[in-house]
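Trainee: I have a new chain to look at. Can we walk through it together?

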Amino acid sequence: MRHSAPPPDGWGVDVLKSHRCGELRSRHAGERVRLAGWVHRRRDHGGLVFLDLRDESGLVQIVCHPESAPEAHAVASTVRAEWVVAVEGEVQARREGTVNEALPTGSVEVAASEVRVLAEAATPPIAVNQEAAAEEATRLRYRYLDLRRERMAQNLRMRHRVVQGIRRYLEERGFVEVETPMLSAATPEGARDYLVPSRIHPGRFYALPQSPQQWKQLLVVAGFERYYQIARCFRDEDLRADRQPEFTQLDVEMAFVERDDVLDLVEGLYAHLAREVNPERRLQAPFPRIPYAEAMERFGSDKPDLRYGMEIADLSRPALSGELGIFRQAVADGGRGRGFAVPGGADTARRELDRLTGLAREAGAGGLVPVAYGGSGPLEGLAPEEVRSPVARFFEPEVLAEMGRLCGARRGDLLLAVAAPDDVSSRALDVLRREVASTRALADEDELAFCFVTDFPLFEWDAREERWQASHHLFTAPVEEDVPLLESQPGAVRSLAYDLVCNGQELASGSIRAHRPEVLLAVMGILGIDEAQARERFGHMLDAFGYGAPPHGGIAPGLDRTVALFARERDIREVIAFPKTKTASDPLTGAPSSVDPAQLAEVHIDVRP
């Protein structure tokens, strides 16, 4: 592709483009150029034909005069949107009053002397030259057209910039990029694997990696002290807006580190990326580091959104001084009364309160206690007529005022409280907190509120299967001072796991690893994996750790989620070139599809209805 002197006469393939459409500026006025791209729009104005010509770099206006260039005008009169054309002409400054300030090339236009059709196009089933709503199935069926739209094209370019920024940042810090296998052994923990049958080993299967977890730890044992990879991963799980069956993550592992070394690296990386791709957004550093227990207490979630207040408070002490039975019963059953204040929410309509009550019940709470404080100013001296609540008759006004003060409320605010065990109240209040913030537009979209959540429990109890499960994964190290509790109080053991969260969404998860075989075997024992099973499933890891494994840890930021955050998209499919639907299908290629019986026979599979 040339960007210098005007090309010679003739339409040689190598000189279809002397410039890109989006790079033309006033300094190019008077130059002859050759451009090629898609017709974004055609407009006929009193004999003149205008084409907005688009290529990857942007748009430029082409003007075709019937007098000075009748052949070019005739061809331009026949083209339609999305036809591919080549244009030769002279760059001209636009006349005063016709400059398009909204377009980078808006100060110039190209007077065409020749227009050539390179390819015709059928009428697109989705609008390419405007942001018009379209069904998801149609967008994915014609993804190559969907990606022509400016927003989608910009998203993929931002993805490229993020990946390049990651590579530059880690290269400068001595990291080595290493590819790990895509065909590996199935793992018994975590999400379901995608299985690949072996042709030469009948009845045996490979698994596509859910992550390169074991490989990167083996690389550290091999002596690579700083590894990274832009890794493709696969999980056969139910989908939602932030999940895909195949996804991409940045995989990082470091030797001879402690937790804060990893967190410092990741904080620097995301601050670097934000400056490169989102310089217009505010970023607070250093990132807060919040223990898991504190996050659940203050926000009801291990993915807290720090862009607004509404922190949760314990209301049990004042609530017990009233006569409302649900609070007394909750405390008697080991629960608490908890709630938060909605700034300016005292005017919330009854219908909206009923809707919020329904959300609380869906989250497992028995109901919702709303208290609206009338007037303005502090809550001192609150009179009965200044309180609006279905439970007001059960409490003295000063008790309701004390409950509000614990949540930081003032007159004019709304208190939302629930009475339940902590796990239920946390879940319900988290749902309510996010819903209120959304409906009242409390979150500033120009702010990037990062934080780290640390000290997760090492285990969580699975009531259905009646056994302990790893909260993170079984290679996660316990906090050293909690190791003596492994056998006696596994539920009290904290882990050296950590998450990176931004604006209420988990972006990365990682941990310091259990690199000593005896600790790893102890953890596996609590998970119900005896030593014989451990040797069968993870013998290669135990053997490797027996040859001198350094202390190590890592983290795996989700690339799709990261790009979606920077692109201000709520669904990761908007930043993936060719994603799957929520049913894990591909409307473009028809995958998953049936396979010829002969192919199945080669891999020793018999499909039965």
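Predicted model: local features only at pLDDT ≥ 70, side-chain atom pairs only at ≥ 80, totals over all residues.

Trainee: OK. How many helices and strands does the chain have?

Mentor: The chain has 16 helices and 24 strands.

Trainee: And what does the C-alpha trace span?

Mentor: Along its principal axes, the trace spans about 90 × 75 × 55 Å.

Trainee: What share of the residues is buried?

Mentor: Of the 609 residues, 47% count as buried. Residues 24 or more positions apart account for 69% of them.

Trainee: Let's go to empty space. How would I find it in the first place?

Mentor: You roll a probe the size of a water molecule over the atoms, and that shows where empty space is left.

Trainee: How many cavities of 30 Å³ or more are there?

Mentor: One. About 40 Å³ of space lies in the largest cavity.

Trainee: Which residues line the largest cavity?

Mentor: Ile166, Leu250, Leu269, Tyr270, Leu273, Pro557, Gly558, Leu559 and Thr562. Helix H6 (259-277) and helix H15 (559-567) are the elements that give two or more residues to that lining. H6 supplies the largest share, three residues.

Trainee: How does that lining split by class?

Mentor: Seven residues are nonpolar, two are polar and none is charged.

Trainee: Now pockets. What is the volume of the second largest pocket?

Mentor: About 890 Å³. The pocket is lined by 34 residues. Arg54, Asp55, Gly58, Leu59 and Glu150 lie nearest its centre.

Trainee: Which elements supply at least two residues of that lining?

Mentor: Strand E1 (32-45), strand E2 (48-55), strand E3 (58-64) and helix H4 (150-171). H4 gives the largest share, with five residues.

Trainee: And the classes for this pocket's lining?

Mentor: Nine nonpolar, 10 polar and 15 charged.

Trainee: Switching to rings. How many aromatic pairs are there?

Mentor: The count comes to nine aromatic pairs. One of them is Tyr142 with Tyr144, an edge-to-face pair. The centres are 6.3 Å apart, with 80 degrees between the planes.

Trainee: Why is the pair of Phe459 and Trp468 tilted?

Mentor: The ring centres of Phe459 and Trp468 are 6.3 Å apart and the planes sit at 55 degrees, so the pair is tilted. Edge-to-face needs over 60 degrees.

Trainee: And how accessible are Phe459 and Trp468?

Mentor: Phe459 is buried, with a relative accessible area of 3%. Trp468 is partly exposed, at 22%. The buried class stops at under 20%.

Trainee: Which residues form a cluster of linked ring pairs?

Mentor: Tyr270, Phe287, Phe450 and Phe452.

Trainee: Now the backbone. What should I expect there?

Mentor: Most residues other than glycine have a negative phi, and most peptide bonds are trans. Let's look at some exceptions.

Trainee: Start with the peptide bonds. Where is a cis bond?

Mentor: One joins Ala285 and Pro286, with omega about 0 degrees. Pro286 sits in the loop between strand E11 (282-283) and strand E12 (289-291). A cis bond also joins Ala591 and Pro592, with omega about -5 degrees. Pro592 is in the loop between H15 and helix H16 (597-602).

Trainee: And which residue has a positive phi without being a glycine?

Mentor: Glu466, with a phi of about 55 degrees. Glu466 lies in the loop between strand E20 (459-462) and strand E21 (467-470). Its relative accessible area is 61%, so Glu466 is exposed. His604 is another case, with phi near 65 degrees. His604 is in the segment after H16. At 41% relative accessible area, His604 is partly exposed.

Trainee: Last one. Where is Asp302, and what does it touch?

Mentor: Asp302 is in the loop between helix H7 (292-299) and strand E13 (313-314). Its side chain makes a polar contact with the side chain of Lys303, at 3.2 Å. Leaving aside neighbours within four places in sequence, Asp302 is in contact with Tyr292, Met296, Val453, Phe456 and Val501.

Conventions
Residues numbered from 1 in each chain as written. Heavy atoms only, no water. Helix = DSSP H or I, 4+ residues; strand = E, 2+ residues; numbered from the N terminus. Polar contact = N/O pair within 3.5 Å; in protein donor to acceptor, adjacent residues only side chain to side chain. Contact = heavy atoms within 4.5 Å. 1 Å grid on protein atoms, 1.4 Å probe; cavity = no way out; pocket = protein on both sides within 12 Å on 5 of 7 lines; lining within 4 Å. Points joined across faces, edges and corners; volume = space filled by probe spheres on them. Nonpolar A, V, L, I, M, F, W, Y, C, P; charged D, E, K, R; others polar. Phe/Tyr/Trp six-rings, centres within 6.5 Å; stacked < 30°, edge-to-face > 60°. Buried < 20%, exposed > 50% of the residue type's maximum accessible area, 1.4 Å probe, protein only.
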